Amino acid sequence: MEKQYCTAIVLAAGSGKRMGTKVHKQYLLMGGKPVLYYSLKAFQDSELIDEIILVTGSGEEEYCREQIVEKYGISKVKKIISGGAERYDSVWNGLRESKDGVVFIHDGARPLVDEAIIRRGYGCVSSDRACVAGMPAKDTVKIVDENGFVEGTPDRSRVWIVQTPQVFETKLIKEAYRLLMEKDHPPVTDDAMAVEQMLHFPVRLFYGSYENIKITTPEDLETAESFLKNRY
């Protein structure tokens, strides 16, 4: 089967308020390099990825171009565009710039994505068209009401923690987002929800990694740095 054209949309438009720093979390240093560098480098080094679209915060395009893309030789970045007010706005901006084939949508604040995850994602999307990285939950999960009281306990064996990249046939996710953006307030927190709600299309989960964490708090950055040290 001929390889499909693969685009990675890397989202770097978040403000990172929970980090408690003035510097956005994707630009904080980890192992001497910006957090964002690592996910870009993973897609840069993957033979599967043909191009990268980097979606930044408004006004940060030139900073990313000069201080990350050009400085570290991330040559597969073909477009650097401005994101929107919400994550789904940023994804939509990236999707409108992407070519037909397969698209990997990835949070730039997940620096430890690797080639194995990228390859599993491509294998999954080649057969199932809509796939999401994730890992089985280690902890028991409770569903609570608005007052914090337990309403139910789902079977842990069927609970997964969702990650990125989320990988789709490009035409499929574009259509889902097109329908989504026609609504005034798209109620989605990840890309799979767009496919689930707008197209009622089944989404398959594939194994990401327990190391593929999102940098949200200072503790996450320390954890990610420890994972990084173990890789080299």
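Helices and strands are taken here as DSSP runs, numbered from the N terminus. In this predicted model, an open sheet of 7 strands is found in the order E5-E4-E1-E6-E10-E7-E11, and its pairing is mixed. Its edges are formed by strand E5 (77–82) and strand E11 (204–207), each of which pairs on one side only, while neighbouring strands are turned against each other by 25 degrees on average, direction ignored.

Helix H1, spanning residues 35–45, lies across strand E1 (6–12), strand E4 (51–56), E5 and strand E6 (102–107), and runs at about 180 degrees to E1. Helix H4 (residues 115–128) also packs on the sheet, where it touches E1, E6, E7, strand E10 (160–169) and E11, with a direction at about 155 degrees to that of E11. Strand E11 is paired in the parallel sense with strand E7 (residues 130–136) over 4 bridges, and within this pairing Tyr-207 of E11 is the bridge partner of Gly-134.

The structure holds 1 disulfide, a covalent bond between the sulfur atoms of two cysteines. The disulfide is formed by Cys-124 and Cys-131, whose sulfur atoms lie 2.3 Å apart, and the link is left-handed, with -85 degrees about the S-S bond. Both Cys-124 and Cys-131 are buried. For Cys-6, the closest cysteine sulfur is that of Cys-131, but at 12 Å the distance is too far for a bond, because a disulfide requires cysteine sulfur atoms within 2.5 Å.

Key. Residues numbered from 1 in each chain as written. Predicted model: local features only at pLDDT ≥ 70, side-chain atom pairs only at ≥ 80, totals over all residues. Heavy atoms only, no water. Pairing = 2+ DSSP bridges. Helix = DSSP H or I, 4+ residues; strand = E, 2+ residues; numbered from the N terminus. Axes fitted to C-alpha atoms, helices over the stretch in contact; angles between N-to-C directions. Contact = heavy atoms within 4.5 Å. Buried < 20%, exposed > 50% of the residue type's maximum accessible area, 1.4 Å probe, protein only.
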